[in-house]
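Hi everyone, thanks for making time for this one. Please have the sequence and the model open while I talk, and stop me whenever you like.

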Amino acid sequence: MNDSWVDAYLARIGAARPARPDGEALRDLHLRHLLAVPFENLSIHLGEDIVLDPEALVAKVVDRRRGGFCYELGGAFGTLLAALGFDVEILAARVFDGERLGVPYDHLALRVGPWLADVGFGDHAHHPLRLDVRGDQPDPGGVFRIAETPEGDLDVSKDGRPAYRLETRPRALGDFEAGCWWHRTSPKSHFTRSVVCSMLTESGRVTLSGRTLIRTTGAERDERELTGDDEVLAAYRSLFGVELDRVPKVA
């Protein structure tokens, strides 16, 4: 990742180049990424390929000004962090669905030194979490806790509910090909069954789920249905900075 792409990526998220790759810089970059780059699965419903290659992922975020889901967002953010001098490892996780765990390589997160950085899990922690802390970790997104399992994995929970089980062995981006393929093709994947684009805001969160526009501010929630395609495309453009030539729809 050359300097021009690093600068362009930092401009995309409204960040200055950090003086040093430390915890304070990571915290700033993490939050800015969440406020600028949406969590979205639009490629699945637009017939676009998803290429798990660092250059392709950065190009999608920076040049095409799009977002993505965990593999794309985590892969792109990890590439940026590594280029800035951070010590980055890719970790695999399985997402909890009640008591049940998802498929292997279900989710991608990053270990950055002693921190867990995750910009690809939707409504989650605003700031990086400490991997070496076992007590409560208060965050604007909730109260998080990381606990060891008997098998040596780490369970990440939010507000007392398990979110995902994190493996501690470093992985390569290519290891997630099968999980990514499953999520974008399986009728059992919630990504194939719905269209979503969601982003953190300074006051809460904005989400476009199909044609339903949802804005949350604190405990307040406003929900309304958009009508014509022009209104939906305008919402993608004005709220998320995503320019589309057609409305993504579930097949």
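Let's begin with strand β9, which is covered on both faces: L154, V156 and K158 on one side, and D155 and S157 on the other, are all buried. Buried here means under 20% relative accessible area, with exposed over 50% and partly exposed in between, using a 1.4 Å probe and protein chains only. With 5 of its 5 residues buried, β9 is largely enclosed by the rest of the structure. On naming, helices (H or I, at least four residues) and strands (E, at least two) are DSSP runs, numbered from the N terminus.

A quick word on the ground rules. This is a predicted model, where local features need pLDDT of at least 70 and side-chain atom pairs count only at pLDDT 80 or more, while totals for chains, interfaces and linings use all residues. Residues are numbered from 1 along each chain as its sequence is written, and side-chain values use heavy atoms, leaving out hydrogens and water.

Back to β9 and its neighbours. Two strands are called paired if DSSP finds at least two bridges between them. Strand β8, residues 142-148, runs antiparallel to β9 and is joined to it by 5 bridges. If you want a landmark in that pairing, I146 stands opposite V156 in β9. The hairpin of β8 and β9 has 5 residues between the strands, and G152 there takes a positive phi near 95 degrees.

On to β10, which is also antiparallel to β9, again with 5 bridges. Here L154 has L166 in β10 as its bridge partner. Which residue takes a positive phi in the hairpin of β9 and β10? That is D159, near 50 degrees, in a hairpin with 2 residues between the strands. D159 is not a glycine, despite that positive phi. Its relative accessible area is 49%, so D159 counts as partly exposed.

R65, not a glycine either, has a positive phi of about 55 degrees. You'll find R65 in the loop between α4 and α5, and it is partly exposed, with a relative accessible area of 41%.

Rings of Phe, Tyr and Trp (its six-membered ring) pair if their centres lie within 6.5 Å; planes under 30 degrees apart count as stacked, over 60 as edge-to-face and the rest as tilted. Searching the whole structure gives 7 aromatic pairs. Take F69 and Y71: their ring centres are 5.5 Å apart and their planes at 80 degrees, so this pair is edge-to-face. F69 and Y71 are both buried. F69 also pairs with F191, with centres 4.9 Å apart and planes at 70 degrees, so that is edge-to-face too. F69 lies in the loop between α4 (54-62) and α5, whereas F191 is in helix α7 (residues 190-193), so the pair ties together parts that are 122 residues apart in sequence. For the accessibility numbers, F69 has a relative accessible area of 1% and F191 has 8%. Zooming out, F39, F69, Y71, Y105, F176 and F191 form one aromatic cluster.

Now for helix packing. The axes of α2 (residues 23-36) and α5 (residues 70-83) come within 12 Å and cross at roughly 145 degrees. These axes are lines fitted to C-alpha atoms, for helices over the stretch in contact, and the angles run from 0 to 180 degrees between N-to-C directions. Which residues of α2 meet α5? They are L26, L29, H30 and H33, and on the α5 side the partners are L73, F77 and L81, where contact means heavy atoms within 4.5 Å.

Last stop, the open sheet. Its 5 strands have the order β1-β11-β12-β13-β14, with antiparallel pairing. At the edges are β1 (39-40) and β14 (220-225), each pairing on one side only. Not counting residues up to four places away in sequence, E223 touches T212, L213 and I214.

That's my tour, so over to you for questions!
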